[in-house]
Amino acid sequence: MRVVAGNRKGMPLKAIAGNTTRPTTDKVKESIFNMIGPFFNGGTAVDLFAGSGGLGIETLSRGAAHAIFIEKDARAFQVLQENIKKCRYEEITELFRTDAMRAVKALLKRDIVIDYLFVDPPYHKKEYYDLVETLVEGGKLAEDAIIMCEHSTEVTLPEKYGVFSLARQEVYGSTIISIYRHVEEEGEVV
């Protein structure tokens with residue numbers, strides 16, 4: 001694993017040993033950012049199931065100003081901390097070792113606007129995708145926010161989360177990347 005583009009391009013990232021997480025491959029990560037970016041001018045990213053931090057770190061490398069990483073697994077959290085330090089992003093990140101449901105409750109209480117939301121839970125935990133709706137209903141997403149959900153082909157996500165509609169979907173083997181954006185009634189992306 002490595003940072004694909006931006007100011008940390010080529011930086012190798014440590015992966016998590018074992019099978020408790022599924023790191024997004026560099027190829028899929030590059031495709032995701034070609035769909036949603038490829039570069040950003042500030043904004044806050046939230047990586048709800050951060051694992052080793054690949055998606056959030058990539059977002060920072062491509063120009064996001066701040067990122068919040070949520071990871072429950074102790075080994076994954078340790079690797080996440082190492083990757084943040086290696087990329088020298090300690091000053092612009094927040095890391096929380098906690099369950100995503102608890103983290104979303106805490107985010108709802110904060111004065112925060114999320115510009116990029118990454119949701120890549122364990123594939124057998126379909127209920128975690130409901131956290132997207134919770135954040136949307138809680139008014140925590142910017143009007144022009146981008147929501148990226150990574151899920152298995154066996155999981156069907158809704159066409160909409162509030163005002164955010166499914167704008168693009170790509171299949172990579174047994175993985176689907178679903179991108180949601182705010183779409184006006186005429187079908188124009190905000």
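Student: Which residue of strand 3 does Ala67 stand opposite?

Tutor: Ala67 stands opposite Thr93. A word on the basis: this is a predicted model, where local features need pLDDT of at least 70, side-chain atom pairs count only at pLDDT 80 or more, and totals for chains, interfaces and linings use all residues. Residues are numbered from 1 along each chain as its sequence is written, and side-chain values use heavy atoms, without hydrogens and water.

Student: What makes strand 2 and strand 3 a pair?

Tutor: Pairing asks for at least two bridges found by DSSP, and four bridges join strand 2 (residues 66–70) to strand 3. These strands run parallel. Strands are DSSP runs of E with at least two residues, helices runs of H or I with at least four, both numbered from the N terminus.

Student: Why is one side of strand 3 and of strand 6 left without a neighbour in the sheet?

Tutor: The open sheet of eight strands has the order 3-2-1-4-5-8-7-6, with mixed pairing. Strand 3 (93–96) and strand 6 (160–161) stand at its edges with a single partner strand each, so one side of each has no neighbour in the sheet.

Student: Why are helix 4 and helix 5 called roughly parallel?

Tutor: Helix 4 (residues 100–109) and helix 5 (residues 130–137) pack at about 5°; angles run from 0 to 180 degrees between N-to-C directions, with axes fitted to C-alpha atoms, for helices over the stretch in contact. Under 35 degrees counts as roughly parallel, over 145 as roughly antiparallel, 65 to 115 as roughly perpendicular and the rest as oblique. Helix 4 and helix 5 are therefore roughly parallel.
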